[in-house]
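Dear colleague,

I am handing over the structure we spoke about, and my notes on it follow below the display. Please read them alongside the sequence and the coordinates.

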Amino acid sequence: RLRAILQTADAVTACSGYLLDHAGRIEPSVQSKGQVIHNGVDLERFENATVYKHPRPYVLACGRLTRTKGFDLLVRAFAASGASESAVDLLIA
């Protein structure tokens, strides 16, 4: 069903290159009619925002908190690296 939808579509948009490539593997015609349009950010919302100053060096990871994003792997790798004992924090947003 997805292949048929992609095949008959005049244009296909995706929020990432990965997603567009995946669609192209399902239906090869997507490669010629697909385009990546990244998620936007309204910069005006942040013009007067207070800057967060973290007191120590840190690793920042941003994304949807779902298993597919791999935050569980990040937390395990961070713990195994010993970074938390060397005054580096892991911040997840």
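Is Ile92 buried, partly exposed or exposed? With a relative accessible area of 39%, Ile92 is partly exposed, where buried means under 20% relative accessible area, exposed means over 50%, and partly exposed lies in between, with a 1.4 Å probe and protein chains only.

Before going further, please note that this is a predicted model, in which local features need pLDDT of at least 70 and side-chain atom pairs count only at pLDDT 80 or more, while totals for chains, interfaces and linings use all residues. Residues are numbered from 1 along each chain as its sequence is written, and side-chain values use heavy atoms, with hydrogens and water left out.

Ile92 belongs to strand E4 (residues 89-92); helices (H or I, at least four residues) and strands (E, at least two) are DSSP runs, numbered from the N terminus. Not counting residues up to four places away in sequence, Ile92 touches Ala61, Leu65, Phe71 and Val75, contact meaning heavy atoms within 4.5 Å. Its C-alpha lies 9.9 Å from that of Arg64, although Ile92 and Arg64 are 28 residues apart in sequence.

Asp89 is also found in strand E4, and at 18% relative accessibility Asp89 counts as buried. When neighbours within four places in sequence are left aside, Asp89 is in contact with His54, Arg56, Pro57, Tyr58, Val59 and Phe78. With Arg56, Asp89 forms a salt bridge whose closest N and O atoms are 2.4 Å apart, a salt bridge being a side-chain nitrogen of Lys or Arg within 4 Å of a carboxyl oxygen of Asp or Glu. This pair links distant parts of the chain, with Arg56 in the loop between E2 and E3 and Asp89 in strand E4, 33 residues apart. Arg56, for its part, is partly exposed, with a relative accessible area of 33%.

The structure holds 3 salt bridges, and Arg67, Asp72 and Arg76 are linked in a network of them. Arg67 and Asp72 meet at 3.2 Å, N to O, whereas Asp72 and Arg76 meet at 2.8 Å, N to O. Asp72 and Arg76 both lie in helix H4 (residues 71-81), 4 residues apart, which is about one turn of the helix. Arg67 is exposed at 70% relative accessible area, Arg76 counts as exposed at 51%, and Asp72 is partly exposed at 24%.

Glu27, in the loop between helix H2 (17-26) and helix H3 (30-33), may deserve a look of its own. Glu27 is buried yet has no salt bridge, and the nearest side chain of opposite charge, Arg3, is 4.6 Å away; here Lys and Arg count as positive and Asp and Glu as negative, while His and the chain ends are not counted. Leaving aside neighbours within four places in sequence, Glu27 is in contact with Arg3, Leu6 and Gln7.

Finally, there is a nonpolar patch on the surface, formed by Val41, Leu43 and Phe46, with about 350 Å² of accessible area together. Patches are made of residues with over 30% relative accessible area and no salt bridge, like charges being joined within 9 Å and nonpolar side chains (Val, Leu, Ile, Met, Phe, Trp, Tyr) within 5 Å; accessible areas come from the Shrake-Rupley method with a 1.4 Å probe, and for residues only the protein chains shown count as cover. Leu43 sits in the loop between strand E2 (34-36) and strand E3 (58-61), and at 64% relative accessibility Leu43 counts as exposed.
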